[in-house]
Amino acid sequence: MFHLHIRRVSRSRAKGALSRLDYIRRQGRYLNRGDVVRLVVDGAMPNWALGDLAHYWRALDHESMRANARILYSVEAAIPRALTPRQQNDLTMRFTAYVARMSAGRPRMGDLPHVLAIHEGLRSDDAITGRQPNPHMHCLFSTSIHDGVSRPVRQWFRRANSVEPKLGGAP
């Protein structure tokens, strides 16, 4: 069985970017969900977000963003149980890096900032119920491309300037 679900998320949705990050990392109100988070990896983050992953996703929820702005894509996919955990990690990290690079859509432009979480899919009652493990991945992709230009947080989400990239936001 295969499962892949892709969602476009707008700022107007009730569940914002930071809430989605908490969900995939199982933090905050999602702490006691029952399944185990095996891996959390981020990529292509701007300098101002390094070391504080929530800072980037919180900025997407800020009221200065357009009310109907598309802020991220959320991808959820099943991972084959036949693979070892190491193979599962490698497969999902390569998939995520490929999507982040290709979804930017511009050759040599950069990658989309993203965060990947792998859930074991194991629950404490699996032995009682006889359920099989359900390893799966969650990935959040920003809609802004990290083009290598250093921008402060206030400038990052502004409209891009193709003539003078340093003056505009991330494309």
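**Patch, loop and helix pair in a predicted model**

Me: Happy to look at this predicted model with you. Which residues make the nonpolar surface patch of about 430 Å²?

Reply: Good place to begin! One member, Leu 4, belongs to strand β1, which covers residues 4-10. The patch of about 430 Å² is made by Phe 2, Leu 4, Ile 6 and Phe 95.

Me: Is Leu 4 buried, partly exposed or exposed?

Reply: Buried would need a relative accessible area under 20%, and exposed one over 50%. Leu 4 has 43% relative accessibility, so Leu 4 counts as partly exposed.

Me: Thanks! And Ala 69, is that residue buried or exposed?

Reply: Ala 69 sits in the loop between α2 (53-60) and β3 (70-78). The relative accessible area of Ala 69 is 6%. The cut-off for buried is under 20%, so Ala 69 is buried.

Me: How far apart in space are Ala 69 and Ser 10, C-alpha to C-alpha?

Reply: Leaving out residues up to four places away in sequence, Ala 69 touches Val 9, Ser 10 and Arg 11. Ala 69 and Ser 10 are separated by 59 residues in sequence, yet their C-alpha atoms are apart in space by 5.4 Å.

Me: On to the helices: at roughly what angle do the axes of α1 and α2 cross?

Reply: Ala 17, Leu 18, Leu 21 and Arg 25 of α1 meet Leu 53, Ala 54, Trp 57, Arg 58 and Leu 60 of α2. These contact residues divide into seven nonpolar, two charged and no polar. The axes of α1 (residues 17-25) and α2 come within 7 Å, and they cross at roughly 145°.

Definitions and conventions. Residues numbered from 1 in each chain as written. Predicted model: local features only at pLDDT ≥ 70, side-chain atom pairs only at ≥ 80, totals over all residues. Heavy atoms only, no water. Patch = residues over 30% accessible without salt bridge, like charges linked within 9 Å, V, L, I, M, F, W, Y side chains within 5 Å. Areas by Shrake-Rupley, 256 points an atom, 1.4 Å probe, with all protein chains shown as cover. Salt bridge = Lys/Arg side-chain N within 4 Å of Asp/Glu carboxyl O. Helix = DSSP H or I, 4+ residues; strand = E, 2+ residues; numbered from the N terminus. Buried < 20%, exposed > 50% of the residue type's maximum accessible area, 1.4 Å probe, protein only. Contact = heavy atoms within 4.5 Å. Axes fitted to C-alpha atoms, helices over the stretch in contact; angles between N-to-C directions. Nonpolar A, V, L, I, M, F, W, Y, C, P; charged D, E, K, R; others polar.
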